[in-house]
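Please examine the sequence and the structure before reading on.

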Amino acid sequence: MGNWKNKLIAFMYGRYGVDALYYALNTLWIVLWIVGMFTGFWPLTALAWLCLGYMFFRMLSRNIARRRAENDRFLKIWNPIRSFFSLQWRRIKECRTAVYRKCPDCGSMLRLPHRRGKHTAACPRCGRRFDVRILF
Ligand SMILES: [Zn+2]
């Protein structure tokens, strides 16, 4: 068992490995494969196998700088999407205890205690004070 592990470590030495794009491609592969299987639409299944091939190509690649640049380009698109949905999820989870408002001056998102009525909030980032109305 230890021998296999050492062989795998020696094989992967100098290769790129896994990153965020790898996990995204993995998820895309599973989704495309399952949808393609249930609909019987063969181009989806073909695309799924292309995803899998690209995933392994990237993992085993020795051109680390190029793979890292690909991952950076992917993260530049993916991070704003992920943070948007993460904020929406937090808004739903904390809807009884907190409200989220954007500072009119610097645009940063503030998490305020959920108290009905009209209040004044101060932005911790820029110090601007602004009115907040919480209806429900
Ligand atoms: Zn501010």
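## Burial and surface

What percentage of the 136 residues in the protein is buried? In this predicted model, buried residues account for 27% of the 136 residues.

## Elements and overall form

How many helices and strands does the protein have? The secondary structure consists of four helices and four strands. Read from the N terminus, the order of these elements is α-α-α-α-β-β-β-β. The protein is more spread out than a compact globule, because its radius of gyration is 23 Å, well over the 14 Å that the globule rule gives for 136 residues.

The dimensions of the chain can also be stated along its principal axes, where the C-alpha trace spans about 65 × 40 × 30 Å. Contacts within the protein give a further view of the fold. Of those between residues at least 6 apart in sequence, 34% join residues at least 24 apart.

## Charges

The protein carries 25 positive and 6 negative charges. The mean position of the positive charges and that of the negative charges are 5 Å apart.

## Aromatic pairs

The structure contains six aromatic pairs. One of them is formed by Tyr22 and Tyr23, whose ring centres are 5.4 Å apart. The planes of these two rings stand at 80°, and angles over 60 degrees count as edge-to-face, so the pair of Tyr22 and Tyr23 is edge-to-face. Tyr22 counts as buried, since its relative accessibility is 13% and the limit for burial is under 20%.

Another pair is that of Phe74 and Trp78, with ring centres 6.2 Å apart. Is this pair stacked or edge-to-face? The planes of Phe74 and Trp78 are at 10°, so the pair is stacked; the cut-off for stacking is under 30 degrees. Both residues belong to helix α4, which comprises residues 64-93. Phe74 and Trp78 are four residues apart, about one turn of the helix. With a relative accessible area of 18%, Phe74 is buried, whereas Trp78, at 36% relative accessibility, counts as partly exposed.

## An aromatic cluster

Which residues form one aromatic cluster? The members of this cluster are Trp29, Trp33 and Trp49.

Definitions and conventions
Residues numbered from 1 in each chain as written. Predicted model: local features only at pLDDT ≥ 70, side-chain atom pairs only at ≥ 80, totals over all residues. Heavy atoms only, no water. Helix = DSSP H or I, 4+ residues; strand = E, 2+ residues; numbered from the N terminus. Rg over C-alpha atoms; globule rule 2.2 N^0.38 Å. Buried < 20%, exposed > 50% of the residue type's maximum accessible area, 1.4 Å probe, protein only. Contact = heavy atoms within 4.5 Å. Lys, Arg positive; Asp, Glu negative; His and termini not counted. Charge placed at Lys NZ, Arg CZ, Asp CG, Glu CD. Phe/Tyr/Trp six-rings, centres within 6.5 Å; stacked < 30°, edge-to-face > 60°.
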